Amino acid sequence: MHLFRSLLIASLGFLFLLPAGADASPPVKIALWGMQSTEETQGQNAAIAEFNRRHPNIRVSLLSMGGGMDPQKLMTAIAGGAPPDVIYQDRFTIGDWASRDAFMPLDDLLKADPGQIRQKDYYNACWQEAVYKGQLFAIPYGTDDRALYYNRTAFREVGLDPDRPPRTWSELEQMALRLTKKAPDGSFRRIGFIPNYGNSWLYLYAWQMNAEFMDPSGRKCTMNTPAAVKALDFMTHMYDAMGGTERVKAFEASFQTAELDPFFIGKVAMCTNGNWQLANIARFAPGLDFAVAPAPVPDDRYFRRHPFSAKDPQFVTWAGGFSLAIPRGVKHPKESWEFVKWMNSTDAWLIMSKAQKAYNEMKGRTYVPNLSASQRINNAVFAAYAPRSERLSKALRLFIDMMPAARFRPVTFVGQRLWDEHVRAFDLAIRHKATSEEALAEGQRVVQKELDKVFQRGQYPLLSPLVPLAVGLLAVLGLIAYIVFIVRKSGRIGQLMRAEAFAGYLFASPWLLGFLLFTLGPILASIVLSFCDYDVLHPARFVGLANFGQILSPAGDRPLVMRSITNVAFLSVVGIPLGMVTGLSIAMLLNAKTKGMSSYRTAYYLPSIVPVVASGILWIWLLNPEYGLINAAWRGSIGSWFGISAPTWLASEA
C-alpha cells in the first residue's frame, strides 16, 4: 500500500510538471550576417557567447554571408521577406541601403532606451556616416583611420632624422627620392613612397586640399573641382617622380603579404596605411624599427607648431569601418536591438579584448586592440589592454588621437558608384590616359547621371500590376493560339494519334510548365521592366522609352553599348570560327603519320592535364617583372650587354 501511494504521488507530480516544461518558450533565434567566425576571432566569439549567457531567452547564430560580402543575397533576403535579424555592414554603404528602405531607422529605439548608446560617445565621422536624411540607420561598431608609417632604419641609412618624418608634400617627395634605391638596370631595390600603396586613395589627398566629392544637399557630385584636380595632379606627379606608373606597378607586382610584407622587409620605406597594420607588425615583424606620423599635407596647409601634435587641425585622416544595422521586416526587432546594444557596450569590448589577448599570447603574439567607433570604449580598452611595446602603444595612441577630426566618405545612395569612379579617375590620370581634370570630369558625369535618375524617379507613374498580368495572359493566349494553328494545319487526325499526342504532351508537361514559369516568365518580366525604373526593393515606375534613349544617346551609354556590340560581333564572326578552324587544323596535323608524332602529341596535350591554378602560378612566376625567371635571364644578358630594361610583362597594359 505504501509503495502504491508513492507511485501515485510521483505520477501526479510528473503530470503537473509536464505541462510546465512543455509550455516553456524556446529562445528567440537571432541571425547575424556579415561577421566572420574563425580561429582568429576569439574575442568576437567570446562577446557573442557572453551575450547568449546573459540573455537565455535569445540565441545568436553567426552566419558569414550577406552584407558587404554578398549584397545580392542581402537584397534578395530583404525583398523576399526573410532578412537576417542583424547585419554587420560597411558604414559607407549605409546611405545606399537606407535609400532603398532596406534598413530600419533606429531613432525610436534609441529614444525609448537612452543611456546605453549616446551620440556624444561616438566619433563624429563614425556617427554621421550612419545617418541618412536626418535618421540613424545603423550603430557604428568598429572604426579605423590612416596615418604615415615610416621605416626608421631606412631613414638612418640615407642620413635622415628618424624622429623627423615628412610633414608636407614637398618634404615627402624629397625624402622618398632619397630613400629610393635602384639596381644598375633601373629596377627597384627599395622605393621611398608609393602614393596609393597601403590605404589612402584620392579621398585622403583631396580632403587634405579641403575638397569634397558631394555638395551638402547630396544632389550634386563635386568630384571635378580645382582642389581635387590639384590633389590628383600631386599623386600623378609622385608616380612620375618614382619612375613612372608602369615601373612602380611592376615593382608592386612582386609584393607579398604576412612576413614578406614589403614595408616589413624594407622594400617600401614609407606608406600611408590604417591602424590595423599595427596588429600585423606585432605578429609578423615585432622587431621592426618603425614609427607613425600624420600623413603629410600640402605645403600651403602646413604651419609649424611647437610642440608638434597629431591633434593639429592642419593634419587630415579619414575613417572607415563597419556598423550594426537591423533590416526591415525582421521578426524580432527588440531582441535584435538588445544584441546591437550589447556589442556596442564597454563590457562587450573588454570581454572581447581579454579573450583575444589571451589567444594571441597563447600563440606567442602581442595583442593590439582594434578601434571602436566609441571614444568611451577606446579609452577603457586602451587603459586596460594597451600594447606593452612602446612603439606599438605610441602608434596606437596617435591613431586614437586623430579620430575626433577624421573625415568620412559622403553618405549617399551612389556611394559605391562614387567610389568606383574616383578609383577609375585616379587610374586614368596616373597612367596619363587623361588629365586629372578630364578624368574627374568624366567620373563626375557618371555619378551625376545616377543622382539625376533617382531624383527624377518621382515624376514617373507607378507601374500598374495589371500590366504584367495582361502581358502574361496575352503571351499564354498567343502560345495556345499557335498550338491550335499547328494542330489544324496538320489536318485531321485519328483517335489513336490524338491519344498519342495527349500522352506526349502529358509527359512533356513538367518541362513545359518549367519553361512557362522559369524561362518564358522571366523573359516577359524583363521586357516589361525594360520600360520601367526598378531596383527590386521599390515598386516599378513606368518610364516609357527613357531607358532605350539613355543607351542610344551619344551623351549616355551609346559608346559603351557600341563597344559591347563590336566585341560580341568580333567574337561571333572571327573569334569562334578562328578557334574552331585552328583546333580542327591542329587535330588533323597531330593525326598525321609522321616520325616522332607521339612526342608532339604528348607535348601538346601536357598542358591539358596541368591544373589551371598551377599553370597560372607558373606563368605569373615566369613573367613577374621583378623576380620572374625570364626577366632574371634578361638582366643577366640583354640588360647587362646592351643596357635595355627588361619588359614589365603582366604589369604593362600593352
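Residues are numbered from 1 along each chain as its sequence is written, and side-chain values use heavy atoms, with hydrogens and water left out. In this predicted model, local features need pLDDT of at least 70 and side-chain atom pairs count only at pLDDT 80 or more, while totals for chains, interfaces and linings use all residues.

Helices (H or I, at least four residues) and strands (E, at least two) are DSSP runs, numbered from the N terminus. Two strands pair if DSSP finds at least two bridges between them. Axes are lines fitted to C-alpha atoms, for helices over the stretch in contact (heavy atoms within 4.5 Å), and angles run from 0 to 180 degrees between N-to-C directions.

An open sheet of five strands, again with mixed pairing, has the order β9-β10-β11-β8-β12. Here β9 (181-182) and β12 (290-293) are the edge strands, each pairing on one side only. Four bridges join strand β8 (residues 146-151) to β12 in the antiparallel sense, and leucine 148 stands opposite alanine 293 in β12. Helix α16 (residues 390-402) lies across β8, β11 (268-274) and β12, at about 15 degrees to β12.

Helix α17 (residues 415-430) packs with α9 at an angle of about 85 degrees, and the two axes are 9 Å apart. The two helices, α9 and α17, are therefore roughly perpendicular to each other (angles under 35 degrees count as roughly parallel, over 145 as roughly antiparallel, 65 to 115 as roughly perpendicular and the rest as oblique). In this contact, Trp201, Leu202 and Tyr203 of α9 meet Leu418, Trp419, His422 and Val423 of α17. The contact residues comprise six nonpolar, one polar and no charged. In this classification Ala, Val, Leu, Ile, Met, Phe, Trp, Tyr, Cys and Pro are nonpolar, Asp, Glu, Lys and Arg are charged, and the others, Gly among them, are polar.

A cavity is a set of points where a 1.4 Å probe fits but cannot get out, a pocket is an open set with protein on both sides within 12 Å along at least five of seven lines, and lining residues have an atom within 4 Å of a point. Grid points are joined across faces, edges and corners, and a volume is the space filled by probe spheres set on the points.

The largest pocket holds about 1100 Å³ of space. It is lined by 34 residues, of which Glu40, Thr41, Tyr88, Trp276 and Asn370 are the closest to its centre. At least two lining residues come from each of α2, β7 (142-143), α12 (277-284) and α14 (346-362), and α14 has the largest share, five residues. The pocket lining divides into 14 nonpolar, 16 polar and four charged residues.

Three cavities of 30 Å³ or more were counted, and the largest cavity contains about 60 Å³ of space. Its lining includes Leu148, Trp169, Phe193, Gln208 and Thr272. Both α8 (169-179) and α9 (201-208) supply at least two residues of this lining, with α9 giving the most, three residues. Nine of the cavity-lining residues are nonpolar, two are polar and none is charged.

Key: On a 1 Å grid over the protein atoms alone, a cavity is a set of points where a 1.4 Å probe fits but cannot get out, and a pocket is an open set with protein on both sides within 12 Å along at least five of seven lines; lining residues have an atom within 4 Å of a point.
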